[in-house]
Amino acid sequence: MSEIHGFAVHAAGAHLLAYKYDPGELQANEVEIKISHCGVCHSDVHLIDNDWGISKYPFIPGHEVVGIVVALGSAVKDRTMGERVGVGWQADSCGICEWCRQGQEHLCAKSQPTCVGRNGGFADKIRVNSKFAIPLPEALESENAAPLLCGGITVYSPLRNHGVRPASRVGVIGIGGLGHLGVQFAKAFGAEVTAFSTSKDKEAEALALGAHHFVNTRDTGALKKVAGSFDFLLSTVSADQDWQAYVSALRPKGMFCVVGAAPSPIQVAAFSLISGQKAISGSPTGSPYDLSEMLDVAARHGVKATTERFAMAKANDAVAKVKKNQVRYRAVLTN
Ligand code: NAP
Ligand code: ZN
């Protein structure tokens with residue numbers, strides 16, 4: 001019998017406790033990965049607290065995993081022993097639906113999230129379908145690369161899919177784990193980048209990460225001042241906001257894209273979308289192909305997470321700090 005050791009949550013909002021499970025026999029299409037690093041995404045916090053009503057307890061959180069392949073299922077042809085790989089939000093998909101066949105596995109209706117109904121990366125090992133174990137470019141350090149596996153792809157995909165280019169004026173709202181990577185990727189796409197933040201003390205760092213402008217959203221009237229300014233706004237905030245003010249901040253044909261999981265419905269006046277031919281959209285993570293592309297872009301353009309390191313056994317401290325919005329900018333657990 002093999003055993004995997006990690007830290008699991010047993011009830012909504014509870015602390016993580018040491019936990020072990022028997023992963024059973026290695027499936028033909030699976031790899032086993034010895035984990036070196038795992039980022040702490042705010043989605044882990046939502047899952048721990050069951051904010052989305054989909055958590056299945058007990059479970060080990062963690063879906064920004066980096067490690068080394070230590071076992072190969074009998075049918076695995078795409079990975080090798082000893083290879084350094086990363087795993088993000090998705091651990092498996094059906095493989096046969098139209099979306100899987102198009103290489104857009106993240107849209108598969110049977111997609112299996114890495115730590116919903118499965119155990120994730122706050123552990124010593126993990127097993128996933130080998131397709132979802134993505135090789136990491138050598139230039140990327142494991143600690144700075146782990147947060148790219150969910151945070152990075154979630155901000156990279158919408159910039160790419162909505163055609164952000166050098167002429168684009170882009171705003172990234174919320175400079176946390178996702179947002180600080182969003183600023184860097186938007187810069188890499190050549191855009192003029194504005195960071196929107198409730199934390200005035202992030203201004204210098206946001207500019208150092210590549211933002212051209214900084215808007216303190218706690219300043220009264222700050223959003224009014226930038227009305228009609230942006231082609232693309234990316235919201236990474238997990239709280240409700242002044243949606244109407246952001247739609248007003250778009251230029252004609254602009255798009256407001258949400259990746260942050262705000263709790264209440266988004267309400268904006270229909271006419272504010274109609275008149276400027278504006279759009280609101282959402283975006284999930286990305287496919288294995290998108291992940292490889294994003295990692296390659298990160299390696300070439302020097303996009304990397306600014307991290308705060310915690311020992312795996314200190315996962316509770318990391319989660320508490322994420323909840324208080326005190327991490328600059330991604331907590332990473334290490335074994
Ligand atoms: P994070 O590191 O906690 O960063 C979120 C940032 O939002 C904070 O740093 C803060 O930035 C801002 N913020 C927090 N509370 C706020 C409030 N009450 N009002 C306004 N701004 C606030 O979280 P994350 O890991 O980047 O994740 C952000 C969200 O994206 C979460 O909801 C997460 O579940 C979601 N997510 C979605 C996907 C997807 O597939 N779409 C993937 C990953 C994560 P400032 O200090 O700059 O204001
Ligand atoms: Zn995530």
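Which residue forms a salt bridge with Arg160? Asp290 does, and the closest N and O atoms of the pair are 3.6 Å apart. Keep in mind that this is a predicted model.

1. Arg160 belongs to the contact between α4 and α10, and so does Asp290. Helix α4 covers residues 151-161, and helix α10 covers residues 288-301. Their axes are 10 Å apart. The packing angle is about 95 degrees. An angle of 65 to 115 degrees counts as roughly perpendicular, so α4 and α10 are roughly perpendicular to each other.

2. **Who touches whom.** On the α4 side, the contact is made by Gly152, Ile153, Tyr156, Ser157 and Arg160. On the α10 side, look for Tyr289, Asp290, Leu291, Glu293, Met294 and Val297. Sort these residues by type and you get six nonpolar, two polar and three charged.

3. **Two domains.** The chain is divided into two parts. Domain 1 is written as 4-150 + 285-334, and domain 2 as 152-282. Notice that domain 1 is given as two stretches of chain. The C-alpha centres of the two domains lie 26 Å apart.

4. **The surface between them.** Domain 1 gives 26 residues to the contact, and domain 2 gives 22 residues. The area buried between the domains is about 2000 Å². Carbon and sulfur atoms give 56% of that area. Three salt bridges are counted between domain 1 and domain 2.

5. **Salt bridges overall.** Side chains of opposite charge can pair when their charged atoms come close. In this model the count comes to 14 salt bridges. Glu32 and Lys125 meet through their side chains, at 3.6 Å from N to O. The pair links distant parts of the chain, 93 residues apart. Glu32 is in strand β3 (residues 30-39), while Lys125 is in strand β8 (residues 125-129).

6. **Two cis peptide bonds to check.** The bond from Tyr57 to Pro58 is cis, with omega near -10 degrees. Pro58 is in the loop between α1 (42-48) and β4 (65-72). Another cis bond joins Arg328 and Tyr329, and its omega is about -10 degrees. Tyr329 is placed in the loop between α11 (315-323) and β17 (330-334).

7. **A backbone angle to check.** Which residue has a positive phi although it is not a glycine? Lys253 does, at about 70 degrees. Lys253 lies in strand β14, which covers residues 250-258.

Key
Residues are numbered from 1 along each chain as its sequence is written. Chains are lettered from A and ligands numbered from 1 in the order in which they are written. This is a predicted model: local features need pLDDT of at least 70, side-chain atom pairs count only at pLDDT 80 or more; totals for chains, interfaces and linings use all residues. Side-chain values use heavy atoms; hydrogens and water are left out. Axes are lines fitted to C-alpha atoms, for helices over the stretch in contact, and angles run from 0 to 180 degrees between N-to-C directions. Helices (H or I, at least four residues) and strands (E, at least two) are DSSP runs, numbered from the N terminus. Angles under 35 degrees count as roughly parallel, over 145 as roughly antiparallel, 65 to 115 as roughly perpendicular and the rest as oblique. Contact means heavy atoms within 4.5 Å. Ala, Val, Leu, Ile, Met, Phe, Trp, Tyr, Cys and Pro count as nonpolar, Asp, Glu, Lys and Arg as charged, and the others, Gly among them, as polar. Domain bounds come from an automatic or database domain assignment. Buried area is the accessible area (1.4 Å probe) that two parts lose on being put together, summed over both. A salt bridge is a side-chain nitrogen of Lys or Arg within 4 Å of a carboxyl oxygen of Asp or Glu.
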